[in-house]
Amino acid sequence: MKAAVVPRIGGKWEVKEIQSPEPSANQVLIKIHASGLCYTDVHITEGRLPIPIEFPRTLGHEPVGEIVAVGEGVISRKVDDRVGVPWVQASCGRCEWCLRGKPMFCAQQIGTGIGIQGSHAEYMVAYADATMLLPDGLAYEQAAPVFCAGYTVWSGLRWANPKPHERIAVVGIGGLGHLALQYSKAAGFETIAITHSKDKEELAHKLGANVVVSDGQGLRGAGGADVILATTNSYKAAADTLRGLRPDGRLMFIGASDEPFTIPSPGEFLANRHQTGHFGLGDRELLAAEWCEIDVFDDVVGKAVGRGHGDILVEGVIPERSRLRERIRNSMCVTHFQVPGSHTQRCAHVPERRICG
Ligand SMILES: [Zn+2]
Ligand SMILES: [Zn+2]
């Protein structure tokens, strides 16, 4: 079969003839009909992911296609099924995270294109239980991006736990953002697009935005948002939107950036606003990340002013991603804009690790 092969870190992708894979026990063989491109493919090619990856490697983690063979023991899938496969295909089943129902944090997880060949190829194998049936009538080309980009923004929206009356803003109308607008709208929320690009305004409206603004000030002028999904790869643009985050609002980081994230002057933010780091890692149930311990961030510029039950309260600058990314696999940072002192007290009433306030 033909496959796009990355020969080494930093190497050029090469379309090559390679051996077609065969499904082992509990696996299926999928004839790929569409394979979405994700910028993570670039990060992996350039060796920026903090996980050991063997090369040469065929990437691709937004696969959809039809099953053409099933391995021994497969009972839930059959030949001709139309399926897609998310990032996490299998995990150890016995570590803390697997036992907590969060296999996306399992250190032993098998990720599509990481621990097993990816989908930029004519065929790929996948664990049968990891595959998801595609609804009839859904085109392969439309389904593919949902298996990373779509899943990532949808889980960010779920993690923000929006209430029915709340307003959702999406900053960055690109590969992630154009899907975020549609999910937000389809879920019934008043939806605001934030984009500097004039040429995206019409598209944003078409995808479901009730209002389109160009920055945080514009968002504020439009009444603000309770949840901001930062799908941009510019932390500067994400930070700017804080000006339009309503009290009790949540800023969800969904796009990754190499830029440091600088919290603007706290004067405007003493109203219980949160930022939640969120890096989509793929899972059948939910993509997300877990709160980090404060000692992870020994290089926080600024001051840590409290902690409670795994949450951290920080005033200052979150370290740039080069440092943060070491923890991307299983941690995240929650920053509460809150009057220092009240935080720990409030957290004391929260029984589990979770964002509070
Ligand atoms: Zn991806
Ligand atoms: Zn595990």
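User: How do you know that the span of α4 agrees with its number of residues?
Analyst: In this predicted model, the expected span of a helix is 1.5 Å times one less than its number of residues. The twelve residues of α4 should therefore span 16 Å. The end C-alpha atoms of α4 are 17 Å apart, which agrees. Helices here are DSSP runs of H or I with at least four residues, strands are E runs of at least two, and both are numbered from the N terminus.

User: What are the conventions for numbering and for confidence?
Analyst: Residues are numbered from 1 along each chain as its sequence is written, while chains are lettered from A and ligands numbered from 1 in the order in which they are written. As the model is predicted, local features need pLDDT of at least 70, side-chain atom pairs count only at pLDDT 80 or more, and totals for chains, interfaces and linings use all residues.

User: What makes α4 largely enclosed?
Analyst: A residue is buried if 20 or more other C-beta atoms lie within 10 Å of its own, exposed if 12 or fewer, and partly exposed in between; C-beta atoms are placed from the backbone. Eleven of the twelve residues of α4 are buried, so the rest of the structure largely encloses this helix. Among them are Y151, V153, W154, L157 and W159.

User: Which other residue has a positive phi without being glycine?
Analyst: One is D80, with phi near 85°. D80 is found in the loop between β4 and β5 (82-84). With 8 C-beta neighbours inside 10 Å, D80 also counts as exposed.

User: Where is there a cis peptide bond?
Analyst: The cis bond joins F55 and P56, with omega about -5°. P56 sits in the loop between α1 (39-45) and β4 (63-70).

User: Why is W97 called partly exposed?
Analyst: W97 has 19 other C-beta atoms within 10 Å, so it falls in the partly exposed class. W97 belongs to helix α2 (residues 96-99).

User: Which residues does W97 contact beyond four places in sequence?
Analyst: They are K102, P103, F105 and C106. Two residues are in contact if their C-beta atoms, placed from the backbone, lie within 7 Å.

User: What does V153 touch, apart from residues up to four places away in sequence?
Analyst: V153 touches L176, L179, A180, Y183, L229, T231 and I254.

User: What makes β8 and β9 edge strands?
Analyst: Two strands pair if DSSP finds at least two bridges between them. The open sheet has five strands in the order β8-β3-β4-β5-β9, with antiparallel pairing. β8 (123-127) and β9 (132-133) each have a single partner strand, so one side of each is left without a neighbour in the sheet.

User: Which residues cover the two faces of β8?
Analyst: Y123, V125 and Y127 are on one side, M124 and A126 on the other, and all are buried.

User: How confident is the predictor?
Analyst: pLDDT is the predictor's confidence in each residue, from 0 to 100. The mean for the protein is 78, and 74% of its residues reach 70 or more. Over residues 278-357 the pLDDT is below 50.
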